[in-house]
Each structure stands twice: as structure tokens, then as C-alpha cells.
Amino acid sequence: MRNAHKRFDSTQRERSGPNRLYFVTCNLYLLFFLTYNSRPTHSGIAAMKIIILGAGQVGSSLANNLASEANDITVVDTEPQRLQALQDRLDLRTVTGQASHPEVLQRAGAEDADMLIAVTNSDETNMVACQVAYSLFRTPTKIARVRALEYLVHPQLFNPESIPIDVLISPEQLVTDYIHRLIEYPGALQVLNFAEGKVQLVAVKAYYGGPLVGHELQTLRQHMPGVDTRVAAIYRRGRPIIPEGTTVIEADDEVFFIAAKKDIRAVMSELRRLEKPARHVIIAGGGNIGKRLAAALENDYQVKLIDHNPARARAVSEELSRTIVLQGDAADAELLLAENIEETDVFCALTNDDEANILSSMLAKRLGARKVMTLINRAAYVDLVESGEIDVAISPQQATIGSLLTHVRRGDVAAVHSLRRGAAEAIEAVAHGDKLSSKVVGRAIEDIKLPHGTTIGAIVRGSDVLIAHHDTVIEAEDHVILFVVDKKRIPEVERLFQVGITFL
């Protein structure tokens with residue numbers, strides 16, 4: 001153990017004083033045009049043949065997202081019951097078998113697949129499957145979920161000469177980063193990064209007493225003459241409202257706005273009373289996410305971590321330097337009271353047990369925690385709990401799906417965030433070409449035929465952030481951030497950013 005003092009129970013106290021994701025970028029349009037031009041089309045877009053390995057929560061969510069679009073989906077899993085449940089709901093093929101076996105991949109159609117996405121529960125299976133797909137079938141794009149830090153700290157492993165994975169996904173790191181941003185901005189329901197953090201999309205609930213509540217959106221500029229922002233969407237009682245200048249913000253509206261990172265707090269203050277910055281954080285669960293979050297927070301916040309497993313609590317205490325580690329039950333009221341739960345700014349329940357997370361979060365809230373965040377894997381629970389005492393329900397699948405969709409979307413897409421349980425998306429697309437070959441380059445936003453329910457919120461041009469206005473003209477290589485209320489409109493958005501044959 002390091003020269004640190006830790007606490008392992010509620011009576012005895014001892015205290016103590018990047019993960020790098022590997023991404024390979026490519027010009028997806030050129031790849032799709034040359035490779036998929038002869039494929040069957042849906043709504044004028046060539047269909048992609050995608051193999052998903054693993055029908056667990058992430059694999060099933062991804063299949064559900066992609067099956068309704070212009071894609072030919074095959075799902076592989078060892079459990080026939082999981083596959084049958086998917087087939088009963090979705091239009092896709094299934095193959096039963098070990099995902100890394102060549103014969104199974106061949107039956108799944110790896111010989112002419114455009115993309116393989118390996119999201120089984122085994123890192124080793126995912127890595128071997130990508131190796132087999134590359135060596136035997138030359139699958140163009142291979143995406144794998146890898147959780148173990150023991151692999152992730154060696155990014156040199158993942159290249160064509162070693163393990164040929166084109167895109168590496170670490171769900172635990174994605175969720176950790178997501179929670180960290182929520183703690184950084186008290187009062188936010190979602191905080192999403194675009195253009196390497198230069199621009200953020202933030203969701204907040206408008207409160208009674210907020211300066212903008214009861215007023216038209218066009219008065220926002222009068223309130224903040226030095227701050228540029230754009231409201232991308234409003235959800236009122238669960239239904240989307242396309243924002244106009246005359247739209248009046250009501251209390252309890254869920255408002256999505258886009259602004260440069262430096263302006264986020266100022267815009268939030270217009271919609272709700274700003275909460276004081278968080279200082280005290282309690283984390284329930286010392287697994288991969290809980291441990292990573294504690295490590296990310298402990299230098300800036302006072303962090304306590306609770307885990308019921310004595311061996312894990314001791315191991316975590318030896319890896320962290322400033323976090324107070326307690327061995328105990330996070331749903332134990334006496335323990336929470338002894339640790340001053342009433343003075344806690346944020347309580348994060350991050351164990352692998354949904355029910356335990358929900359119960360401990362509800363208890364923490366009732367005992368006085370200012371804000372509670374709960375990790376929930378079952379999609380059916382998410383809407384149920386957010387309507388009660390839990391402030392933010394965090395879905396690992398939704399955090400991961402956005403990262404995967406970034407590489408599935410057609411055109412040059414730099415980032416995708418899945419929103420509103422997959423019903424909406426925020427997309428960062430890169431504009432290419434010129435006025436002759438592109439539907440967006442060289443045109444003012446008011447002249448672009450955007451699909452219904454789609455808004456352009458901001459443009460990043462080099463190091464400059466431009467909040468979108470009706471007369472803003474898009475230039476080649478601009479990063480355009482769009483909010484798409486209706487996911488069914490995604491193919492239309494993709495077509496907007498695909499350059500014509502003139503450009504090639």
C-alpha cells in the first residue's frame with residue numbers, strides 16, 4: 001500500500017495524501033462511394049452491411065438503432081434466446097456461435113461485410129474477432145469494445161501490424177467522462193462535447209424564477225449582449241418544440257442550447273438559478289467506473305468511495321491517493337449519516353446492480369444529498385426513476401452508442417451523441433467540397449434545405465466558434481454541429497453533407 005491512510009469501515013479512519021482511446025480517422029464518403037455504390041439503396045443511400053458481435057445491452061441497443069436505417073445487420077451471439085428476442089423485434093439476421101471463430105464469422109457474412117463491431121463481454125474475444133476479420137476476410141472497418149486498462153494503457157497494440165482494430169471503444173471511460181462533465185456543471189442534465197471541447201451542447205431544466213422563463217427566446221441577446229448562444233431544441237412534457245425567436249420558455253421545459261465552453265455557465269444562469277460548485281462527492285461502487293471517476297475527481301474535489309467488498313475496497317484504496325475509501329453498504333442509512341450525506345453535493349451510484357443503485361440513490365436524496373446520479377443499465381428503468389427523486393439517470397448504452405454511431409454515419413462525421421433515449425441525435429459533420437459539389441458549402445444557413453426538426457447550432461472554423469445565425473455562410477472544412485429532433489431524418493442530414501461526383 002502506498003504511504004497513504006485509508007478508511008475501510010465506518011469506525012476506523014485512515015487517510016492519505018490518459019487513458020488514451022485509439023481512433024483512426026478516414027474519409028468515409030470516399031470509402032462509401034467507391035465501395036458501396038453498387039449496393040441496394042434505401043432513400044437513395046447505399047446500404048451498409050454491418051456485423052455486430054454480441055447481443056448484450058450495447059449490442060442490442062446498437063442493433064435497434066441501426067436496423068431501422070439503411071443497413072443490412074447481422075448479430076452474432078452464443079445465446080439463442082437473446083438472438084430470438086432481437087429477431088422478434090427487428091428486421092435483421094442472426095447467427096449463433098462463438099464470435100471469434102472463423103466459421104461463425106463466415107456464416108455471418110464477413111467476406112463482404114463493410115464493418116464489424118465487436119461488443120461481446122470479453123475483451124479477448126473482441127480483439128481476436130477483429131484479427132480474424134482482418135486476416136481472413138479483409139473487413140474494411142473493425143470496431144472493438146475493450147474495457148481492461150491493462151490493454152488500454154498500451155495503444156501501440158492496436159494497429160494493422162499488431163491487433164488490427166480501427167476504432168477502440170472504452171465504455172467505462174466514456175461514462176466516466178460524461179459524469180465528470182455533469183459534476184463540473186451543477187444543474188445540467190447533459191453536457192456533450194464537440195470539436196474537441198471547444199463547443200458544448202448542454203441540457204437544463206428551466207426553473208421558476210429563471211431570468212428567461214416566461215420570455216421569448218429573442219430576448220436572450222438583450223439579457224446577455226456579450227454572449228452568443230443558440231437554443232437547439234426544447235422538450236415540453238416530453239414533446240419536442242422547434243425553437244423560434246417568439247418561442248416562450250416555460251418552467252420545467254428541458255432546454256438544449258449550444259455555446260462556446262467559456263459561455264456555458266452564463267447561459268445556464270438565464271434558465272435557472274445557478275447552483276454552487278460541487279465540493280463533496282460520494283461514489284457508491286469501486287468497480288471500473290467508480291474507481292476511474294474517483295481518480296479523475298480526487299485532486300479537485302473531496303471524494304469518498306464506498307464498496308461492500310472488503311478486498312476490492314482495499315485494492316481501490318491502494319490505487320487512489322486522496323480518496324477516502326470505505327468498506328460498507330451504500331444503502332446503509334447509518335453509514336451515510338456518519339459520512340455527512342446531508343453535506344454531500346453529488347452522490348453517484350455506480351455499481352453493477354441497477355436495483356442497488358436506485359435504492360442507495362433514493363436513500364441518499366432523502367437523507368439530504370443535493371444531487372444524485374444513478375447508473376442504470378435497464379432502459380425500462382431510466383424514464384421511471386428520473387420522474388422521481390433521482391436527478392440524473394445515466395445509461396452506459398447511450399453513452400457508448402453515440403461513439404459507435406460516429407463511425408457508422410455516412411459522410412465525414414466527427415462526433416455523434418444519442419439523445420432522448422435514441423429518439424434524437426446531435427451530430428458534428430465536416431463540410432467538404434464547394435458550392436457546385438456540396439449542398440451546404442458556400443450557402444447561408446437560411447438557404448440550406450434542412451430536414452424538418454433539424455437545426456444548425458454552431459460552426460467551428462479552425463479555432464473559432466461561430467454560433468449559427470440565419471445569414472451565417474458555411475465554408476469548406478467547417479465543423480457543423482446539428483441537432484436532429486427526429487432520428488428518422490438522419491439519412492437526409494447525411495445526404496446534405498455528402499459531396500457530389502464533381503468534387504471527386
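Visitor: Where is I341 found?
Guide: I341 lies in the loop between α12 (333-338) and β17 (346-349). Helices (H or I, at least four residues) and strands (E, at least two) are DSSP runs numbered from the N terminus. This is a predicted model, in which local features need pLDDT of at least 70 and side-chain atom pairs count only at pLDDT 80 or more, while totals for chains, interfaces and linings use all residues. Residues are numbered from 1 along each chain as its sequence is written, and side-chain values use heavy atoms, with hydrogens and water left out.

Visitor: Is I341 buried or exposed?
Guide: I341 is buried, at a relative accessible area of 0%. Buried means under 20% relative accessible area, exposed over 50% and partly exposed in between, with a 1.4 Å probe and protein chains only.

Visitor: What is I341 in contact with, leaving aside neighbours within four places in sequence?
Guide: Its partners are I282, L336, F347, A364, L367, G368 and A369. Contact here means heavy atoms within 4.5 Å.

Visitor: And how far is I341 from R370?
Guide: Their C-alpha atoms are separated by 9.0 Å, and the two residues are 29 apart along the chain.

Visitor: Switching to S403. Which helix is it in?
Guide: S403 sits in helix α15, residues 396-408. S403 is buried, with a relative accessible area of 13%. From S403 to S418 the C-alpha to C-alpha distance is 8.8 Å, across 15 residues of sequence.

Visitor: At what angle does α7 pack on α15?
Guide: About 105°, with the axes of α7 (residues 171-184) and α15 9 Å apart. Axes are lines fitted to C-alpha atoms, for helices over the stretch in contact, and angles run from 0 to 180 degrees between N-to-C directions. That makes α7 roughly perpendicular to α15. Under 35 degrees counts as roughly parallel, over 145 as roughly antiparallel, 65 to 115 as roughly perpendicular, and the rest as oblique.

Visitor: Which residues make that contact?
Guide: P171, L174 and V175 of α7 meet P396, A399, T400 and S403 of α15. By class there are five nonpolar, two polar and no charged residues. Ala, Val, Leu, Ile, Met, Phe, Trp, Tyr, Cys and Pro count as nonpolar, Asp, Glu, Lys and Arg as charged, and the others, Gly among them, as polar.

Visitor: What about α2 and α15, at what angle do they cross?
Guide: Roughly 50°, and the axes of α2 (residues 57-67) and α15 come within 10 Å. α2 is therefore oblique to α15. Q57, V58, S61, L62, N65 and L66 of α2 touch Q397, T400, I401, L404, L405 and V408 of α15. That contact has seven nonpolar, five polar and no charged residues.

Visitor: How do α7 and α10 pack?
Guide: α7 and α10 (residues 288-297) pack at about 45°, axes 9 Å apart. α7 is thus oblique to α10, and their crossing is right-handed. On α7 the contact uses E172, Q173, V175, T176, I179, H180 and I183, and on α10 N288, I289, R292, L293, A296 and L297. These divide into seven nonpolar, four polar and two charged.

Notes. Left-handed = near helix turned anticlockwise from the far one by under 90°.
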